[in-house]
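Hi everyone, thanks for coming. Today I'd like to walk you through one protein chain, step by step, so please have a look at it with me.

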Amino acid sequence: MPSFGWHFALTLLVIASLLKENERKKALMLLPFGILSDIDAFIGIHRATLHNVFVILLPTFALLVVKRRKKGWEKCGKYFFLASSLLALHILLDAFHTGVFLLYPLSKESYDFKFWLGVNEKGLSASFGCERLGEIGEVVYVTTPSPAVPEVPLVNDGVELVAMTAALLVFAVKFVPRKGQ
């Protein structure tokens, strides 16, 4: 499972690359969407409750509610789209690391995407696949949270630490106000 560090680093980089310097408050409001799905480790079924395609649609439904109640919704449409994209990025990253329940609660099957790109005896080669891991209760990592606090790694290794540090620096350089601003 990609830990908090990878999800947070990618969230920081996506936000820093897509928003302007004067959108600091919006950037800070979007940060939780990159890591929101992992709350299901504490409530519901991990990698199912908040790791499915239906969760990606929640910001879109929120936009429709805002659209009906508030004028000027056009200005905030891109932020709702970015929130959905950050949720999708999180779920996609987890789908390539031990799988997710993409269609939960309609289907209780877990899917693990596989991708390989490299060089072999024939030259450059790529492969993509999807493996059905099982259903809720069959897969080892899927458990209903117990009253004890689960162990949630923040940073697993040095590469992740470097990536998270670099992402924090990029985000800070872009959004932290400088003297005279």
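First, a word on what you're seeing. This is a predicted model, where local features need pLDDT of at least 70 and side-chain atom pairs count only at pLDDT 80 or more, while totals for chains, interfaces and linings use all residues. Residues are numbered from 1 along each chain as its sequence is written, and side-chain values use heavy atoms, with hydrogens and water left out.

The chain has a mean pLDDT of 83, with 86% of its residues at 70 or more. Please be careful with residues 139-149, where pLDDT stays under 50. Where pLDDT is low, the predicted coordinates should not be read in detail.

Now the layout. The chain has 6 helices and 2 strands. Those words refer to DSSP runs, numbered from the N terminus: helices are H or I with at least four residues, and strands are E with at least two. Starting at the N terminus, the order is α-α-α-α-α-β-β-α.

How much of the chain is buried? Of its 181 residues, 33% are. Buried means under 20% relative accessible area, exposed means over 50%, and partly exposed lies in between, using a 1.4 Å probe and protein chains only. As for contacts (heavy atoms within 4.5 Å), look at those with a separation of 6 or more: 65% of them join residues 24 or more positions apart.

Let's move to the two strands. Strand 1 (residues 109-120) and strand 2 (residues 123-135) pair in the antiparallel sense over 12 bridges; to count as a pair, two strands need at least two bridges found by DSSP. If you find Val119, you'll see Leu124 of strand 2 opposite.

Most residues other than glycine have a negative phi, and most peptide bonds are trans. Which residues go against that here? Arg47 is not a glycine, yet its phi is positive, about 70°. Arg47 sits in the loop between helix 2 and helix 3 (53-56), and is buried at a relative accessible area of 1%. Thr98 also has a positive phi of about 70°, but Thr98 is partly exposed, at 36% relative accessibility. You'll find Thr98 in the loop between helix 5 and strand 1. Pro105 has its place in the loop between helix 5 (77-95) and strand 1, and the peptide bond from Tyr104 to Pro105 is cis, with omega near 10°.

A nonpolar patch of about 730 Å² is made by Val53, Phe54, Leu57, Leu58, Phe61, Leu64, Leu103 and Leu106. Patch residues have over 30% relative accessible area and no salt bridge, and nonpolar side chains (Val, Leu, Ile, Met, Phe, Trp, Tyr) are joined within 5 Å, like charges within 9 Å. A salt bridge is a side-chain nitrogen of Lys or Arg within 4 Å of a carboxyl oxygen of Asp or Glu. Helix 4 gives the most to the nonpolar patch, with 3 residues. Val53, in helix 3, is partly exposed at 32%.

Definitions and conventions:
pLDDT = per-residue confidence, 0-100. Areas by Shrake-Rupley, 256 points an atom, 1.4 Å probe, with all protein chains shown as cover.
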